[in-house]
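Welcome to a short tour of a protein model.

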Amino acid sequence: MELRFLGACSEVGRSGVALRTEGKCILMDYGVLLDDEIGFPAHISAREVDAILITHAHLDHSGLAPLFYLRDGIPVHAVEPTFKFSDLLIKDFLHLSGYYLPYEYVDLKNMMDHAVRHRYSEPFEIDGISVVFLNAGHIPGSSQVLIEAEGKRLLYTGDFSTTPSRLLNGAEHWDLDLDAIVIESTYANEDHPERLALEKEFVSRCRDVVERGGTVLIPAFGVGRSQEVLSILEANNFEHPVHVDGMALDAIKLLAEHPESLRDFELFERAVKNARWINDWRDRRIAVKTPSVIVSPAGMLKGGAAVFYMEAISQNKRNAIYLVSFQIPGTPGRTLLDKKKFVIGGKERKVLAEVDKFVFSSHCGRSELESVLSRLDGGAKVFVVHGAEGNCERLASWASEELGLEAHAPRPGDIYKLE
Ligand SMILES: [Zn+2]
Ligand SMILES: [Zn+2]
């Protein structure tokens, strides 16, 4: 058996790992890198691939998968609502991003026609290779992939979080006996603050802003994080208006069809019912004049209605912008966080509103990653992916120095044999 790393090598984006056994090849994720220009993982020919597994719907894991459906098709496996979310995100990507993409809407549709839907923890076979999706606790439908073939066991974590959130249960544990693990490392350099304390501080800061007559903008991914923020506000009895905009609304409708994917569906329903849904520009103009919280895409302020909101609220110090997810270097959200500046009308301007981050992460923090690796026994090989700014190398060095494991931070195109 061999592993070929196609992307997410020392960066957060364009995930893709190919697993080849005697005569068969399974591709796990095939995503894009969202930067000023869109980046693709290393090439793998459609003829080589026998099946695709998608760990979750984020575009850095699923955004290039339709490329395999230009002519005919192969089965694509995932846990719902992954397909529904992928369809939503990729359609948006095709229509609104302005990026050049090497596939079209019909290819996405063809991919969806080849969807094979699974439940967590129910093993299935692909040509003699045993596969099971385990809950990853990252977004609804997100999975880790446990594979057994040719007497070897491999875990690909995808993006995962072992800590439960308001929306999701924490990632499921697997037993210790692995021959290899491919693990993400988004937060290998830092620990997350204690979650309940962070929630309390966040809600109390939102309350302060609204009570001084200001508006809080919370740029958040439409799928997952927006609903998490709504649930946090609801669970902490936030009594002021909360607006929700953009793709978050489509995702809410899809989640209503998948109560099994949520930790507390009743809390989610209450949060959704109490939020004010923004349907058009008239609603948006009213929202920015209302002392309230506005939850809107895009999560890193790259396009989406959040750009309109930034123009409307960033120049008044009564207001606040609270970032709630990882900001990839180079994105407008990262620039806002690091320099308190934002481009408005083509010009970079100082932001007068309060800017802060409350990272309600859906990824493991440093000690969670380390404790996962500490549970492995000596024979397991470790491959660290999906980390920026030295995090893949950092976690791989830790695993080899502290645990004595064979650990690598692969480069794109690297092939490793598991023997
Ligand atoms: Zn993700
Ligand atoms: Zn990711």
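**The whole protein**

Please keep in mind that this is a predicted model. The protein has 12 helices and 24 strands. With 419 residues, a compact globule would have a radius of gyration near 22 Å, and the 21 Å of this protein agrees with that. Along the principal axes, the C-alpha trace spans about 65 × 50 × 45 Å.

How much of the protein is tucked away? Of the 419 residues, 60% count as buried. The exposed surface comes to about 16,800 Å², and carbon and sulfur atoms supply 48% of that area. The contacts also tell us about the fold: among those between residues at least 6 apart in sequence, 72% join residues at least 24 apart. As for charge, there are 46 positive and 62 negative side chains, and the centres of these two sets lie 8 Å apart.

Now find strand E7, residues 76–79. In a regular strand the side chains alternate between the two faces of the sheet. Here Val76 and Ala78 point one way while His77 and Val79 point the other way, and all are buried.

Which strands run beside E7? Strand E6 (residues 51–53) is joined to E7 by two bridges, and the two run parallel. In that pairing Leu53 stands opposite His77. Strand E8 (residues 115–118) is also parallel to E7, with four bridges between them. Here the bridge partner of Ala78 is Arg117 in E8.

**Strand E18 and its partners**

Strand E18 (residues 320–323) is covered on both faces: Ala320 and Tyr322 on one side, and Ile321 and Leu323 on the other, are all buried. Two bridges connect E18 to strand E14 (residues 216–219) in a parallel arrangement, and Val216 stands opposite Ala320. E18 also pairs with E21 in the parallel sense, over four bridges. In that pairing, Leu323 stands opposite Lys357.

| Strand pair | Bridges |
|---|---|
| E6 and E7 | two bridges |
| E7 and E8 | four bridges |
| E14 and E18 | two bridges |
| E18 and E21 | four bridges |

Glu354 is found in strand E21, residues 354–357. Leaving aside its neighbours within four places in sequence, Glu354 is in contact with Arg205, Val209, Arg212, Asn319, Ala320, Ile321, Tyr322 and Lys340. By contrast, Glu354 and Asn110 are 46 Å apart in space, C-alpha to C-alpha, and 244 residues apart in sequence.

**Helix H6**

Next, turn to helix H6, residues 247–256. Is this helix mostly covered or mostly open? It is mostly covered, since seven of its 10 residues are buried. Those residues are Met247, Ala248, Leu249, Ala251, Ile252, Leu254 and Leu255. They pack against helices H2 (82–96), H5 (225–235) and H7 (265–274), as well as strands E15 (242–244) and E16 (276–277).

**Single residues worth a click**

Ser185 lies in the loop between strand E13 (180–184) and helix H4 (195–211). Is Ser185 buried or exposed? Ser185 has a relative accessible area of 0%, so it counts as buried. Beyond its neighbours within four places in sequence, it touches Leu369, Val384, Val385, His386, Gly387, Asn391, Cys392 and Leu395.

Glu348, in strand E20 (residues 347–350), counts as partly exposed because its relative accessibility is 46%. Setting aside neighbours within four places in sequence, Glu348 is in contact with Thr335, Lys341, Phe342 and Val343.

**Backbone details**

Where are the cis peptide bonds to look at? One joins Glu80 and Pro81, with omega about 10 degrees, and Pro81 is in the loop between E7 and H2. Another joins Pro297 and Ala298, with omega about 0 degrees. Ala298 lies in the loop between strand E17 (293–296) and helix H9 (306–313).

Two residues other than glycine have a positive phi. Asp127 has a phi of about 50 degrees and lies in the loop between strands E9 (124–126) and E10 (129–135). At 48% relative accessibility, Asp127 counts as partly exposed. For Lys340, phi is near 55 degrees. Lys340 is in the loop between helix H10 (332–339) and strand E19 (341–344), and counts as partly exposed at 26% relative accessibility.

Note on methods
Residues numbered from 1 in each chain as written. Chains lettered and ligands numbered in written order. Predicted model: local features only at pLDDT ≥ 70, side-chain atom pairs only at ≥ 80, totals over all residues. Heavy atoms only, no water. Rg over C-alpha atoms; globule rule 2.2 N^0.38 Å. Buried < 20%, exposed > 50% of the residue type's maximum accessible area, 1.4 Å probe, protein only. Contact = heavy atoms within 4.5 Å. Areas by Shrake-Rupley, 256 points an atom, 1.4 Å probe, with all protein chains shown as cover. Lys, Arg positive; Asp, Glu negative; His and termini not counted. Charge placed at Lys NZ, Arg CZ, Asp CG, Glu CD. Pairing = 2+ DSSP bridges.
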